[in-house]
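Here are my notes on this one, jotted down as I went through it. Have the model open while you read.

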Amino acid sequence: MDMESPLRIFPDSAATQAWRTDVLFFFELTISVLFVLLIAGAIVYMALRYRRRSEDEVPPYTPSPAIIEWSFMVVPFGIMLIMFFWGGYLYVQDRRPPPGAMQINVIGKQWMWKLQHPEGPREINTLHVPVGRPVKLVMTSQDVIHDFAVPEFRMKMDVVPGTYTVEWFEATKTGEYHLFCDQYCGELHSRMVGRVVVMEPEAYQAWLVGTVPNEPAAVSGARLFQSYGCAACHGQRAPTLAGLYMSKVKLDDGRVVVADEYYLRESIIEPAAKLVAGYGPIMPSFRAQLTEEQIFDLIEYIKSLGLAMDTSVPGALPTGPETRPSTQPFNGYRPDLLPNQPPARQPPTYNETGGSPTRE
Amino acid sequence: MTEHIATEHAHSLVQHQFEDAYQQKEAATLGMWAFLATEVLFFGGLFVAYTIYRHQYPDPFRQGALNLKWYLGGINTAVLLLSSFTMAMAVHAAAIGSNAKIIRYLVLTIIVGGAFLGIKATEYYIEYREHLIPGLNFAHDPPSEEEVGPFVGAFEKVQGWFDRVVPPRQKEEKRSDTEEMFFLFYFIMTAIHATHMIVGIGIMLVLIWMAKHEMFSAQWHNPVENFGLYWHFVDIVWVFLFPTLYLLRQP
Amino acid sequence: MTAIPYSPDYAAPQTGRTTYLNATHTIRSWLLTKDHKRIGILYMISITIFFMIGAGGAALVRINLLTPAGILSEPAQYNKAFTIHGVMMVFFFLVPSIPATLGNFLLPLMIGARDVAFPKINLASWYLLIIGSSFALSAILFGGVDTGWTFYTPYSSTFSNTHVVLMIVGIFINGFSSILTGLNFVVTIHKMRAPGMTWFRLPLFVWAMYATSLIFILGTPVIAITLALVAVERLLRVGIFDPALGGDPILFQHMFWFYSHPAVYIMILPSFGVISEVITCFARKRIFGYVFVAFSSVAIAIIGFLVWAHHLFDAGISVYSGLIFSLLSFLVAVPTAVKVFSWTATLYKGSVSLETPMLYALGFIGLFTIGGLTGLMLATLGLDVHLHDTYFVIAHFHYVMVGGAIMAYLGGIHFWWPKMTGKMYPEFWGKIAAAITFLGFNLTFFPQFVLGYLGMPRRYHAYPPEFQVYNVLSTAGASVLAVGYVLPLIYLLWSLKYGAEAGPNPFRSMSLEWQTPSPPPTENFERTPICSQPPYAYDLQTPMGSPVPTAAAT
């Protein structure tokens with residue numbers, strides 16, 4: 001976006017979905033202009049042609065043939081069906097990040113954006129991304145509803161507290177683009193703006209390396225996993241987390257859910273909401289103790305546990321390759337079917353009273 | 001303002017905008033049905049919100065239901081159905097033009113409706129002692145036997161007898177925030193229902209006053225009939241409230 | 001070419017009669033009236049005041065947006081300005097406007113009744129509006145509300161530090177005003193039609209009132225309970241819609257829009273009725289396809305209850321929900337298209353005269369069509385992702401609500417002004433005002449379409465500099481639009497004292513309300529009329545009911 005450019009009538013087009021949106025828009029614009037000209041033209045023409053010529057004029061009866069009535073309904077509906085299917089198809093694309101998309105975690109709060117690259121860099125109000133690579137944003141809010149909007153990419157999605165929402169884009173042009181908060185969120189709603197900086201891949205790599213080093217999210221998550229006592233249960237009396245991400249989990253009421261980001265967050269915040277079959281409701285809620293950023297870090301850590309861990313050694317940490325950024329897709333992709341490992345010893349029965357000694 | 005003092009002639013009871021008593025009766029009845037439609041949507045919003053949350057949090061909502069005294073709710077259901085019966089008798093009395101019988105049955109309805117409200121108030125008191133009122137004293141730790149006192153304890157014991165009929169409930173360790181939401185819905189829905197009943201009792205007092213002044217006749221008794229519709233509606237709302245709030249106790 | 005043969009005195013005024021206006025003179029008789037015509041006038045005065053308050057909010061907004069950094073007010077005050085604008089305009093002006101003023105006045109006249117079914121409840125409706133607005137106005141005076149008229153949670157329930165509960169109480173009470181009006185109209189239309197006035201002889205304005213009343217009855221209670229839950233959440237600090245306590249903020253949005261989408265049909269359906277009346281009268285033609293137009297009002301009311309989640313396309317609902325609601329949203333456009341085409345076709349081979357009401361009506365068709373077509377763009381899922389919560393949406397709904405509903409309201413006020421007051425408005429100034437309104441409106445809101453596609457978000461106190469030109473154009477247009485609104489206020493008031501006397505039927509309409517003197521007597525008709533003609537039978541040259549009594553009768 002060029003600050004000194006002449007007056008714009010149309011926004012810059014900087015992502016793959018942008019031109020697709022624009023084509024659909026121009027189709028609908030053309031239809032609209034045609035209909036407006038048709039109606040306005042008919043009105044102007046008839047108001048002139050049939051203007052009242054004398055005070056006592058009595059116009060004749062004209063019938064309203066049913067065929068015309070039905071065409072009033074069928075023709076517009078036919079055109080609208082085209083709009084519906086085309087728009088629906090585009091929307092489905094907009095909502096399904098392509099496999100292999102690079103994930104960025106986003107936290108909106110009054111009145112700023114916190115963006116977290118899994119390799120480590122954390123940004124405020126600015127998002128650096130490489131051109132030509134799909135980027136998936138997993139977002140939540142710390143307080144009220146916000147909306148992460150980049151008009152030049154033609155995409156936005158509400159950022160809702162208590163849950164994760166996802167949007168994606170693939171930038172096609174380098175440059176700097178507006179980032180707006182597009183859901184009214186209080187006093188400084190209009191100041192909750194920033195930039196999306198799209199760079200060539202080499203420049204992006206250089207930027208990643210060159211920023212003040214933050215540890216990768218998965219490493220922060222590993223530390224949290226230890227310090228909050230998660231390692232004491234998980235892998236022994238609690239389900240193992242190795243290979244958990246995007247696997248199918250059987251719950252105590254018979255449902256089978258996929259362990260995506262939303263499930264992982266919910267299990268930390270409200271563990272009793274979805275109990276894994278065979279385990280009791282003894283995990284405490286960490287809602288009051290963890291910020292959304294820390295939850296993102298823990299999820300990145302869990303994602304990095306691609307392999308099983310040695311459950312015969314209590315308190316063991318998973319062995320295996322170095323933590324790596326997640327490349328698991330979010331939707332529209334067959335999740336792998338690694339089952340949960342069985343617990344090392346029998347869990348307490350459902351009706352037993354008295355909590356575990358490690359419970360807070 | 002036309003004074004509707006009853007006379008032998010029905011047409012003097014007809015308000016000026018109507019052609020005849022028949023049109024007036026039709027209009028009044030349709031008006032009451034339209035009003036009840038708005039009430040369905042009013043309560044409906046609450047039922048929908050409750051249902052969505054119950055689907056999302058089945059266990060905490062079940063725990064909440066376990067904390068309610070379903071036998072008290074059951075007795076209340078019977079009481080309210082009885083009041084609908086006495087109300088129907090009042091409407092019949094109006095149809096045959098007997099003001100004395102109208103008074104008798106309306107008084108009975110008020111007494112029975114009052115009994116419902118009394119039992120409800122008792123339930124509210126029990127919930128107050130058990131620290132179940134959101135925004136007021138909802139406690140995540142259930143109070144002990146000594147804290148609730150003998151009165152509430154007695155009800156707990158009776159509940160225990162009834163619970164042998166249905167599967168036993170587990171006394172929960174700690175109450176979650178979503179259980180507080182269950183109680184929020186419980187109190188809001190039953191309170192709005194109780195408010196409708198109190199308003200109904202107020203209207204019945206007015207109807208009793210009118211019947212005392214011999215204002216109803218076989219030709220004109222629209223207020224009694226239409227109020228009957230209202231009272232039956234309030235009853236039906238309870239018939240939905242009771243199972244929704246009290247009876248969904250199974251895991 | 002024979003004359004339209006009703007009473008030879010059709011244009012002659014009849015002064016010295018007792019009308020509903022001069023039957024009694026005390027303030028008490030007005031404030032305790034049960035006459036639907038007086039209640040309509042009371043409503044008209046009240047909502048004009050609320051309109052001015054809402055317009056004040058709009059003025060603050062538009063003046064502030066003249067510069068990118070925002071002049072005139074701090075962000076907090078700006079947020080209150082647009083909230084007050086929205087709340088006053090939606091709940092206290094547009095929702096009551098045509099139904100409570102023109103609807104109250106005309107409904108019994110159009111169906112040949114003496115009054116509505118429940119006159120005392122009608123008066124209670126007006127008092128509920130006054131009480132509700134008192135709460136709303138006190139919320140404004142005590143410091144205002146900054147949640148937006150949509151009250152999204154958790155901002156409104158947990159975070160806002162303004163007088164939300166007070167405002168909610170005002171809207172809640174006002175809701176009952178709407179419900180009772182709707183109830184009254186439904187019963188009136190069902191049970192109080194004059195002999196011979198079958199459903200398919202009803203004027204289309206009555207059909208529009210009927211459809212609107214269905215929405216009043218079924219939709220308003222849901223907003224009442226939803227806002228009540230928000231108030232409870234604020235007062236008791238519990239979590240119904242607060243995610244921190246397990247609540248779901250999206251549930252609020254669903255419940256809110258379940259009413260608020262049908263509410264927009266409350267705002268536009270009565271306008272459709274007015275346009276049907278005006279077009280048929282000033283083209284002297286039967287409406288094209290009466291039955292289709294009549295049923296389309298009811299169809300819009302019903303389908304309108306099924307589309308609410310198109311306001312949540314970007315809120316995080318599932319893709320499947322989005323697809324369903326998009327299809328339904330397109331479906332509701334079909335009966336609307338039927339109306340627009342039917343009005344246009346009504347002009348065919350008519351006898352078109354461009355008096356002020358007709359100018360407003362024709363302007364309505366143009367502006368509403370633009371608004372409606374941009375609504376289709378918003379219903380298109382792929383486009384809505386880009387356009388949601390931008391100025392494109394603002395332009396869309398102002399085209400339909402201001403370019404549509406308010407133009408129709410003004411057109412209706414002008415059209416029935418002689419009937420209501422017995423005086424003619426000045427035709428020259430009427431046309432000027434209509435033209436200024438049309439031009440000012442387009443200058444105000446068309447640039448906002450461009451702004452929206454460029455990406456300028458809604459409810460922004462400050463914006464990037466490249467958006468300034470369009471904002472300045474828009475504010476300039478707003479000042480022209482303001483002139484277009486102030487003019488009628490002036491000359492209509494002027495006409496009360498100095499306007500030409502109007503006869504019973506100056507526009508020579510066939511409708512029943514014109515077959516009684518202007519202004520009507522309190523009981524509307526001397527004798528209950530008997531209806532024997534189809535509506536708008538201009539070609540048959542016969543009005544709908546009994547002819548006007550001669551000047552001798554009182």
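1. Strand β5 (residues 134-141) of chain A runs antiparallel to β8(A), and six bridges hold the pairing. Pro134(A) has Glu170(A) of β8(A) as its bridge partner. Strands here are DSSP E runs of at least two residues and helices are H or I runs of at least four, numbered from the N terminus; two strands pair if DSSP finds at least two bridges between them.

2. A word on the ground rules: this is a predicted model, with local features needing pLDDT of at least 70, side-chain atom pairs counting only at pLDDT 80 or more, and totals for chains, interfaces and linings using all residues. Residues are numbered from 1 along each chain as its sequence is written, with chains lettered from A and ligands numbered from 1 in the order in which they are written.

3. Back to the sheet in chain A: it is open, has five strands in the order β3-β2-β1-β5-β8, and its pairing is mixed. β3 (122-124) and β8 (165-170) of chain A each have a single partner strand, so they sit at the edges with one side lacking a neighbour in the sheet. On average, neighbouring strands are turned by 25° against each other, direction ignored (axes are lines fitted to C-alpha atoms, and angles run from 0 to 180 degrees between N-to-C directions).

4. Buried means 20 or more other C-beta atoms within 10 Å of a residue's own, with C-beta atoms placed from the backbone. Thr165(A), Glu167(A) and Phe169(A) point one way, while Val166(A), Trp168(A) and Glu170(A) point the other.

5. Elsewhere in the sheet, β1 (residues 102-109) and β2 (residues 112-116) of chain A run antiparallel, joined by five bridges. Lys109(A) stands opposite Met112(A) in β2(A).

6. Now the A/C interface: 73 residues of chain A are in contact with 76 residues of chain C (contact: C-beta atoms, placed from the backbone, within 7 Å). On the chain A side, α2(A) gives the largest share, 16 residues.

7. Chain B has seven helices and zero strands. Its average pLDDT (the predictor's confidence in each residue, from 0 to 100) is 88, and 92% of the residues score at least 70. Go carefully at residues 1-11 of chain B, where pLDDT stays under 50.

How values were computed
A residue is buried if 20 or more other C-beta atoms lie within 10 Å of its own, exposed if 12 or fewer, and partly exposed in between; C-beta atoms are placed from the backbone. Two residues are in contact if their C-beta atoms, placed from the backbone, lie within 7 Å.
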